[in-house]
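Let's take a friendly tour of a model, one piece at a time. Have your viewer ready and follow along.

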Amino acid sequence: MSEHFPIYIPLGVPESADKLYELSSNVIQKLRNHKVGNEKFLKNVRLVLIEMATNFLKHVTDANASMLVTIEPGQLIICKTYTGSPIKFTCDEACFPFNNIGAEMRISFGKNNDHKIRIDGQYRFTFLHPVEAGPDIDLLAENYGLTIITLAADRFSYSYEPGQMKNEFLAVMRSSD
Amino acid sequence: MNLKKEKINEVLLITIQDREANLSKAEGFKEEVFQEIHGGETRLIISFKNVTYLDSSFLGALVAILKNLLPLKGQLVLTDLNDDIQNLFELTRLDKVFMIRNSSENAMTEF
């Protein structure tokens with residue numbers, strides 16, 4: 001590739017889940033045009049895009065919310081930002097602002113929706129490999145959005161800026177070129 | 001959601017007619033299948049032969065349906081998953097939880 005990086009692909013906030021597949025297809029076509037990644041990589045990009053956007057539709061009401069895809073040499077970054085209260089979770093060990101930087105812990109977003117995280121800052125953490133349910137089907141999660149992003153991306157993190165009330169989800173995906 | 005339902009012997013074959021199985025359809029789909037289960041249908045095949053894409057919301061609905069069936073000693077088989085959907089089940093390891101077959105004809109032999 002002899003292009004100038006980074007290349008930005010801003011995305012409008014979707015109005016309906018029925019438009020997300022088309023939105024992801026448009027992004028993937030642009031990535032193909034820029035010769036980014038192989039087919040397996042593009043499949044994972046679609047998963048991350050759709051799940052991040054679906055999460056928007058479920059939880060975010062900020063009119064200034066936005067998504068941005070950034071192509072850099074060797075990697076793709078999918079970023080979602082919005083203003084509002086920080087992400088809500090329960091945890092026996094800690095809460096915002098974190099003070100045990102570097103620690104790994106388990107947080108929950110609801111019944112059977114547990115995730116392992118690593119604390120990166122007072123209001124910043126990275127999702128680690130999802131907590132697996134046991135063999136009991138009754139304990140299976142019914143929410144898979146964050147799990148899918150965590151598994152499909154190489155790194156998936158969350159941060160919050162209290163001053164600006166800015167939430168940011170960031171998925172980093174290494175392309176194979 | 002647009003569903004085609006066929007009763008074959010004692011098995012209800014539900015074919016999803018929509019191309020996208022997503023957030024806007026997951027809840028309605030779950031409720032419609034719950035109604036069938038509560039009406040006595042406990043042997044189900046769900047065919048995805050017309051479905052291009054399935055998201056996490058729909059995945060959650062399928063898990064809820066499975067949980068609903070198990071106390072009734074029911075059975076659920078998923079069929080005709082394209083590569084993207086199969087990939088999603090494998091990524092989340094739900095391919096180890098659901099019975100997945102390549103066609104409704106093959107699924108019928110499981111009952």
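How many of the 6 residues of strand β2 (residues 11-16) of chain B are buried? The count is 6 of the 6, so β2(B) is largely enclosed by the rest of the structure. Here buried means under 20% relative accessible area, exposed means over 50%, and partly exposed lies in between (1.4 Å probe, protein chains only).

## Ground rules

This is a predicted model, where local features need pLDDT of at least 70 and side-chain atom pairs count only at pLDDT 80 or more, while totals for chains, interfaces and linings use all residues. Residues are numbered from 1 along each chain as its sequence is written, chains are lettered from A and ligands numbered from 1 in the order in which they are written, and side-chain values use heavy atoms, with hydrogens and water left out.

Helices (H or I, at least four residues) and strands (E, at least two) are DSSP runs, numbered from the N terminus.

## The sheet of chain B

In chain B, 5 strands form an open sheet in the order β1-β2-β4-β6-β7, and the pairing is mixed. Its edge strands are β1 and β7 (99-101), each pairing on one side only. From one strand to the next, the twist averages 25°. Two strands pair if DSSP finds at least two bridges between them.

Back to β2(B): both of its faces are covered, with B:Val11, B:Leu13 and B:Thr15 buried on one side and B:Leu12, B:Ile14 and B:Ile16 buried on the other. Strand β1 (residues 3-8) of chain B pairs with β2(B) in the antiparallel sense over 6 bridges, and B:Ile8 has B:Val11 as its bridge partner. The hairpin of these two strands has 2 residues between them, and B:Asn9 takes a positive phi near 55° there. β2(B) also runs parallel to strand β4 (residues 43-47) of chain B, joined by 4 bridges. In that pairing, B:Ile14 is partnered by B:Ile46 and B:Leu13 by B:Ile45.

## Helices of chain B

Helix α1(B) lies across β1, β2 and β4 of chain B, running at about 20° to β1(B). The axes of α1 (residues 23-38) and α2 (residues 56-69) of chain B come within 8 Å and cross at roughly 15°. That makes α1(B) roughly parallel to α2(B), a label for angles under 35 degrees. Axes are lines fitted to C-alpha atoms, for helices over the stretch in contact, and angles run from 0 to 180 degrees between N-to-C directions.

Contact means heavy atoms within 4.5 Å. Among the residues of α1(B) that meet α2(B) are B:Phe29, B:Val33 and B:Ile37, while the α2(B) side includes B:Phe58, B:Leu62 and B:Ile65.

## Stops in chain A

In chain A, helix α3 (residues 145-152) has 7 of its 8 residues buried, so α3(A) is largely enclosed by the rest of the structure. The buried residues include A:Leu146, A:Ile148 and A:Ile149.

A:Ser159 lies in strand β7 (residues 155-161) of chain A and counts as buried at 8% relative accessibility. Leaving aside neighbours within four places in sequence, A:Ser159 is in contact with A:Tyr123, A:Arg124, A:Lys166, A:Asn167 and A:Glu168.

A:His59, in contrast, is exposed at 56% relative accessibility. A:His59 sits in helix α2 (residues 39-59) of chain A. A:His59 and A:Phe5 are 54 residues apart in sequence and 32 Å apart in space, C-alpha to C-alpha.

Note on methods
Angles under 35 degrees count as roughly parallel, over 145 as roughly antiparallel, 65 to 115 as roughly perpendicular and the rest as oblique.
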